[in-house]
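Visitor: I am new to this structure. Could you show me how to read its helices?

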Amino acid sequence: QVEGREIPKGGSLARERSPASAASRSHWRTCQRPTGAGGLKETRPCLVTGLPPVLVLGARGQLGAEFSSALGSNAAGLTRADCDFSNAELVRSRLEAFAAQCGGAFVLINAAAYNFVDQAETGRAAALALNFQLPYELARLSQQLNFRLVHFSTDYVFGGDARRRRPYAENDPPAPVNVYGLTKLMGEQAVLGVAPSTALVLRVAHLFGGAQRQPARQDLVRRFLSAARQGQPILVAPGQYLNPTYTPEIVRVTLELLRKGDGGLLHVTGEGYCTAAEYAGECLRLANMSALVREDPGYRPPASRPAFSALRHEELRKRGIVPPLHWLSALRAYIPHLAAEAAGTGAARG
């Protein structure tokens with residue numbers, strides 16, 4: 001139900017707002033994916049031939065786990081259990097060791113971040129350490145150790161214009177409305193200030209799907225469907241627009257950019273946008289489930305959220321790269337995986 005109206009099984013709320021696109025060693029953890037019953041593991045070959053060795057920071061997070069899965073034996077991973085990412089000297093020593101082991105150039109994918117939006121309002125030091133100081137140090141080290149840096153930012157660098165309903169381009173002036181968005185903006189500016197032509201800074205948003213290695217931190221789709229299975233109402237933020245992005249598509253686009261040798265600031269989000277209520281409604285429809293979906297007028301989180309922060313993909317198109325799938329097309333690909341998982345017939349992956 002949206003605003004008091006029940007969403008029946010199979011009922012639709014949303015429409016596509018834009019056309020759908022085509023489609024370890026010592027400290028290192030070998031990047032593998034869980035597959036099949038019993039959690040057996042297999043490596044998956046690299047999707048991009050000729051890519052140098054890859055080190056993934058934050059290899060157990062949603063984005064880092066998907067890169068690890070996609071790159072297979074071509075990559076190694078560091079998790080927070082392996083390395084305190086707020087310790088600059090420890091990070092340097094780990095990267096120096098990896099560089100020596102590689103014997104040449106490598107790619108570093110920084111998927112480590114402080115993304116607890118509400119907690120950042122009072123935990124500013126922790127947010128600054130991971131969202132600003134870490135990427136700044138990585139950018140400096142990239143120049144000294146000869147590696148390509150990929151750093152991820154967020155749509156939350158925007159949102160200051162409460163009346164805007166037009167997706168933002170890469171060159172639009174940022175205006176974050178919370179501490180999390182501010183620290184992410186500081187991080188991307190630090191990276192581009194140090195390595196403007198060699199580093200990739202990619203803004204992403206509202207990730208769903210892909211390798212799930214932290215069950216306690218489910219994506220919104222899983223949370224919506226879990227609530228429906230338990231007969232609970234789904235309360236969403238009133239008036240907030242989302243830019244849902246399928247995690248495997250972020251990996252695809254990133255690897256294409258690496259293969260082309262591109263650097264700079266780009267938007268890598270799903271095509272189209274929707275309200276939070278539309279998003280929940282489409283998840284239920286595609287899963288053939290029914291639940292009460294209601295915008296909660298009492299929703300007052302500690303951190304303000306952008307009313308609208310959807311991104312458009314001018315730089316990707318200039319470089320001849322197909323943007324990530326429209327969010328609704330991606331949901332159609334993802335929901336069957338969840339249905340198979342719930343039935344016990346598939347791996348915990350979408």
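**Reading the helices**

Guide: Gladly! In this predicted model, the buried residues of H2 are Val91, Arg92, Arg94, Leu95, Phe98 and Ala99.

Visitor: Why do they lie on the same side of H2?

Guide: They span an arc of only 165° around the axis, so they share the same side of H2. The general idea is that an α-helix has 3.6 residues a turn, so residues three or four places apart point the same way.

Visitor: Which residues are exposed on the other side of H2?

Guide: There you will find Glu89 and Ala100 exposed.

Visitor: What covers the buried residues of H2?

Guide: The cover includes helix H3 (124-145) along with strands E4 (54-57), E5 (75-78), E6 (106-110) and E7 (147-154).

Visitor: How many residues does H2 have?

Guide: Helix H2 covers residues 88-102, which is 15 residues. From first C-alpha to last it reaches 21 Å, close to the 21 Å expected at 1.5 Å a residue.

Visitor: And what sits at the ends of H2?

Guide: Asn87 caps the N-terminal end, with a side-chain oxygen 3.2 Å from the backbone nitrogen of Glu89. After H2 comes Gly103, whose phi is positive, near 70°.

Visitor: At what angle do H3 and H4 pack?

Guide: H3 and helix H4 (residues 179-194) pack at about 10°, and their axes are 8 Å apart. That angle makes H3 roughly parallel to H4.

Visitor: Which residues meet there, between H3 and H4?

Guide: Among them are Leu128, Phe132, Pro135 and Tyr136 in H3, and Val179, Tyr180, Met186 and Val191 in H4.

Note on methods: Residues numbered from 1 in each chain as written. Predicted model: local features only at pLDDT ≥ 70, side-chain atom pairs only at ≥ 80, totals over all residues. Heavy atoms only, no water. Helix = DSSP H or I, 4+ residues; strand = E, 2+ residues; numbered from the N terminus. Expected span 1.5 Å × (residues − 1). Buried < 20%, exposed > 50% of the residue type's maximum accessible area, 1.4 Å probe, protein only. Arc of directions from axis to C-beta. Contact = heavy atoms within 4.5 Å. Polar contact = N/O pair within 3.5 Å; in protein donor to acceptor, adjacent residues only side chain to side chain. Axes fitted to C-alpha atoms, helices over the stretch in contact; angles between N-to-C directions. Parallel < 35°, antiparallel > 145°, perpendicular 65-115°, else oblique.
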